[in-house]
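I opened this notebook to record, entry by entry, what I looked up in the structure shown here.

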Amino acid sequence: RHILPGCQNADIYGNFGLHQSALALAAVVLDDVDSDGNGPTKEMLDWVMQSGGLECDINPSHHLGRKYYLTGGDVMPTLYDLIDRDGFGNETSPMYNCIWLRYCKIVADVLYGYDGYPEADLYANPKFCQLLRSISPLTMLNAYTPNIGDAGLAGRRGVDISVEVLADLYEKLQEPLFAQLVYAFNGNSVQGLPRDIFSSEADSLPQRILAVINEYGQLQLPSDDLPGYGFAALRDGSPKNVDTVIKFDFTKMQMADSSGKERTVYPHANIYRSTSVGDYISYDFEVIQGKAYRFILNAALHPDYGIFKVQLDDNVIKEDLDLYADSLSLDELHDLGVWDLTPGQHRITFTCTGQRPGASNFYFGHRELILTSPEQIEPESPFADMRGACIYYGRTFGHGHADALGLGIYGYDL
């Protein structure tokens with residue numbers, strides 16, 4: 001109940017979508033609606049939707065001589081008056097436009113299927129749905145969002161919208177584009193997709209994504225011009241039909257079992273601090289498609305590291321994985337051979353069997369397990385034959401740069 005006055009007093013305030021989503025979530029959790037549809041929940045959600053903005057009262061009696069307050073959440077007027085024909089708000093930077101997308105989506109999600117406020121189903125609003133589609137047409141080579149305006153880094157690889165958000169958009173809107181984006185941004189794979197715990201069809205999501213890819217093909221955006229936002233892209237080439245590369249990031253996985261020694265998680269690797277022969281650590285992983293895979297371990301080398309036996313379920317697949325080196329070497333790829341997997345969950349275990357003479361410890365530094373086709377020793381990019389160029393010619397305010405003209409050149413997965 002305190003969230004509404006907190007927003008009205010601008011104690012809770014941020015980029016567009018942040019305070020609105022906080023209040024909408026609080027309103028639905030409160031769920032205080034009488035038989036006529038009135039009550040605190042309706043009052044809070046009405047405020048989220050109504051016109052208004054940040055105002056300032058200048059008065060010597062206020063702290064520092066001024067007091068800010070908000071007159072409304074302004075969601076509906078913003079959708080109709082500010083969102084342009086391409087679905088963008090009044091920001092230059094795609095990263096900041098993604099804030100609009102993510103947090104307005106939270107408002108829509110908490111109201112989705114909520115019968116206490118049926119007048120605001122945002123997923124039925126065409127302008128809102130265009131906002132949800134806005135970032136996708138900026139994508140270059142199926143792997144980059146152009147670094148326009150305040151983007152963190154110049155030449156930064158990656159996309160500004162998460163696979164989790166895109167997967168949920170596919171579930172809500174059932175548009176093939178979102179399934180293609182999920183597949184592309186997930187490394188041309190349906191492996192490890194996030195599942196909505198509230199969806200009765202969550203377990204079938206990978207199969208439904210694959211069905212879209214089989215019918216419509218991989219993501220291949222055309223050359224395009226977005227005059228509302230001010231962006232044009234020239235694209236050439238097609239994604240290669242390479243076998244899926246599945247990566248399991250140990251830094252984000254929970255241990256399934258261990259001999260009880262300390263595990264330290266660093267950005268570049270997990271360090272399992274084995275102290276003697278017999279110490280071990282295990283991880284569980286799941287594959288969607290049962291077939292033969294080449295197992296590649298991305299592990300570091302170091303003077304502190306020992307020798308390990310690798311087991312897949314109950315089978316030893318490597319007897320003497322030696323990770324000793326005179327100095328630190330990151331991201332070393334170790335071929336563990338080709339092994340058949342059935343669909344479902346499996347376990348990989350690393351057991352210390354000794355150390356090289358001169359090694360100062362029995363530690364194990366490991367980053368990720370990579371599954372590729374049997375013929376692949378190193379992962380191959382599906383985007384290596386694609387190239388493109390883009391130009392930004394839009395607004396300069398809203399986390400933008402004074403020089404509006406921005407050029408981007410992309411090619412061959414560089």
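I began with helix 7, whose buried residues pack against helix 5, helix 6 (126-133), helix 8 (176-185) and helix 9 (205-216). Helices here are DSSP runs of H or I with at least four residues, numbered from the N terminus, buried means under 20% relative accessible area, with exposed over 50% and partly exposed in between (1.4 Å probe, protein chains only), and contact means heavy atoms within 4.5 Å.

I noted that this is a predicted model, in which local features need pLDDT of at least 70 and side-chain atom pairs count only at pLDDT 80 or more, while totals for chains, interfaces and linings use all residues. Residues are numbered from 1 along each chain as its sequence is written, and side-chain values use heavy atoms, with hydrogens and water left out.

I then checked how far helix 7 (residues 163-173) is covered, and found nine of its 11 residues buried, among them Val163, Leu166, Tyr170 and Leu173. After helix 7 comes glutamine 174, with a positive phi near 60°.

Last, I turned to tyrosine 13, found in the loop between helix 1 (3-8) and helix 2 (18-30); tyrosine 13 counts as partly exposed because its relative accessibility is 46%.

How values were computed
Helix = DSSP H or I, 4+ residues; strand = E, 2+ residues; numbered from the N terminus.
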